[in-house]
Amino acid sequence: MQEDFHYYATYCAAFLAGYTPEESREIAYSAQLVDCCSKTFIRKYKGPVTAATTQLQTELADTHTNIPGIQDITRIWASFHFLPGNLYAVLKRRPRVYMDKYRLICDVNGPLVRDTVILANKGGTEACGIAMHILADTWAHRYFAGTPSFVINDAREFFELRETENGIERIKVRFNHNPISPDSLEKNKFTNCLKQDGELSTMNLGHGRAGHLPDYSCMVYEFQPAWGDYMIILKDNPSDYYRAFCQMVYAMGFLRGEFTEFETDRYDEEKVQPYRDEIMSILKKRQLIANEDWKSFGERLTGTALEDFDLQKYGGEYMASAREEKEHTFLGRFFTAAIAQKSMVTNKIYSSGNRIAGFSVEQDPGGLKGMAKFGMTAYGQGRGGAS
Amino acid sequence: MDTENTINSPLNIELRRVSNYLGYSGRAVIIFGLWDAAKTVIQFILDPETFLQYFDGGTEIARKLAVAFIVFIVMVLLTVGLCIRFFIGIRAISEGQGKMKSPVYLVVTGLFLIVNTAFMIMDFISVRVGHSEPDSLLISVLIEITSDFALGMILYSACRLRFLNRRA
């Protein structure tokens with residue numbers, strides 16, 4: 001997903017869930033910040049690099065795919081962009097090394113989605129935004145894993161299923177590997193990662209082999225994932241994105257105290273129903289990014305102007321704060337929530353017997369085990385381990 | 001959901017798997033053909049004595065004529081072999097992609113497999129009579145076995161594909 005959904009659509013969903021326009025904007029900002037909070041960004045503000053929620057292409061190019069490198073990549077991508085669907089999935093006749101990766105495949109409505117939303121319940125709008133980013137990404141990034149793996153993330157035989165006057169047309173998707181070549185919906189040409197059969201190549205991270213197809217809300221397509229053993233996956237992005245939107249409204253309703261328990265596979269379609277046609281028309285419109293449409297919908301919905309996403313907006317406040325005050329700033333709270341999320345997911349992966357994300361012990365603010373007072377530790381030292 | 005169930009029925013999955021085998025085996029046959037040609041040309045350039053060992057006697061002119069004759073024969077055999085392999089490989093890839101289906105190339109594949117196997121057996125015999133070195137033969141036989149495996153896979157996959165298509 002891109003800025004259109006993580007920022008503008010999340011803003012709309014938060015407002016529909018009952019948040020004020022200002023709270024909704026904070027949630028949306030936090031949700032979008034997950035895609036920008038790299039180590040480079042954090043270092044700029046002298047924050048805790050363990051709070052990184054993404055990696056820039058340059059950072060990935062710099063990362064070694066040795067054990068610590070893979071653990072770092074997996075902690076970031078599996079925690080924030082490819083939340084594993086089932087850490088205890090079972091397949092017959094597969095070795096452990098394969099199953100460890102297979103179990104990291106992202107999917108919707110897994111137990112970790114519930115854990116993520118419940119964890120966000122302890123935080124403010126920043127934690128809520130992070131949780132909404134992760135929840136929404138489970139819909140866009142399902143079927144890919146947040147760890148470099150050729151045997152899992154390679155994919156082939158992409159066909160777009162386009163509605164035409166003559167019914168549904170099956171059009172072959174053409175990929176090139178030039179990173180500066182823009183994607184074209186008209187010519188059906190997209191950019192994807194180069195095929196690298198090295199199992200741990202970062203080219204095989206997440207949906208790199210599918211290019212940005214999972215991120216475009218209008219795309220309806222089919223493909224064969226490497227893990228699927230010749231199975232064809234049909235991916236209907238408009239429908240999936242709509243469900244993501246309804247689930248976000250429900251999840252934020254829970255975070256506001258509207259529901260006592262968070263249940264997976266539950267959607268607040270009642271609140272969204274009056275706007276269904278408009279939302280679906282935005283999602284189905286053939287365009288690479290729908291910022292303007294979502295922004296206009298959000299402004300009409302709330303009756304308030306919505307500023308564009310500005311990455312530097314809260315940096316000054318964080319830099320100007322005294323060390324002990326930093327964790328009470330917007331960025332400080334975001335970093336704390338990000339570390340908590342990363343720690344929770346890493347711990348769940350580790351507890352399942354899977355070592356790809358590294359070793360972890362449960363967080364314990366009491367200090368008996370795990371990272372004691374992780375927020376203070378992170379800010380106090382400026383560097384450190386997330387788990 | 002029904003569409004999803006149909007496209008991912010065990011029969012359809014098996015069809016895609018076998019088509020894929022056919023395509024890859026076709027590519028393998030072409031690559032082994034190119035390797036065979038490259039190997040012979042390199043051998044001729046680096047070690048022409050291998051081909052000329054039976055022409056030790058005679059005048060210089062007779063020797064040159066023998067070289068020309070051998071080059072000609074080798075080139076003809078290489079070209080024919082390569083053409084056959086390309087024919088088999090391209091047809092297998094086409095059938096794997098569901099474009100073309102012809103029984104002719106399967107007959108050619110079968111014959112080629114028999115000839116290839118016969119040559120491999122002759123190589124073994126040449127070791128027994130002392131014309132070849134066993135260590136160099138081992139490598140060549142391993143490659144030949146892999147090449148024959150690719151040819152065998154084409155026969156198996158094409159037959160299986162036809163059988164599955166009849167059931168579909």
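Helices and strands are DSSP runs, numbered from the N terminus. In this predicted model, A:Ser181 is placed in the loop that joins strand 3 (174–176) to strand 4 (189–191) of chain A. A:Ser181 has 11 other C-beta atoms within 10 Å and is therefore exposed, the cut-off for that class being 12 or fewer. Apart from neighbours within four places in sequence, the contacts of A:Ser181 are with A:Asn176 and A:Thr191. The C-alpha atoms of A:Ser181 and A:Lys326 are 41 Å apart, with a separation of 145 residues in sequence.

Confidence was examined along chain A. The mean pLDDT of chain A is 91, and 93% of the residues reach 70 or more. Helix 10 (residues 237–255) of chain A has the highest confidence, at 97, whereas the lowest mean, 47, belongs to helix 16 (residues 374–381) of chain A. Over residues 367–373 of chain A the pLDDT stays under 50, and the model has 17 contacts beyond four places in sequence for this stretch. Residues 375–387 of chain A also have a pLDDT below 50; for this segment the model contains 35 contacts beyond near neighbours in sequence.

Between the chains, six residues of chain B are in contact with four residues of chain A. On the side of chain B that touches chain A, helix 1 (2–7) and helix 2 (10–46) of chain B are the elements that give two or more residues. The most come from helix 2 of chain B, which gives three residues. By class, this side of chain B consists of three charged, two nonpolar and one polar residue.

Methods
Residues are numbered from 1 along each chain as its sequence is written. Chains are lettered from A and ligands numbered from 1 in the order in which they are written. This is a predicted model: local features need pLDDT of at least 70, side-chain atom pairs count only at pLDDT 80 or more; totals for chains, interfaces and linings use all residues. pLDDT is the predictor's confidence in each residue, from 0 to 100. Helices (H or I, at least four residues) and strands (E, at least two) are DSSP runs, numbered from the N terminus. Two residues are in contact if their C-beta atoms, placed from the backbone, lie within 7 Å. Ala, Val, Leu, Ile, Met, Phe, Trp, Tyr, Cys and Pro count as nonpolar, Asp, Glu, Lys and Arg as charged, and the others, Gly among them, as polar. A residue is buried if 20 or more other C-beta atoms lie within 10 Å of its own, exposed if 12 or fewer, and partly exposed in between; C-beta atoms are placed from the backbone.
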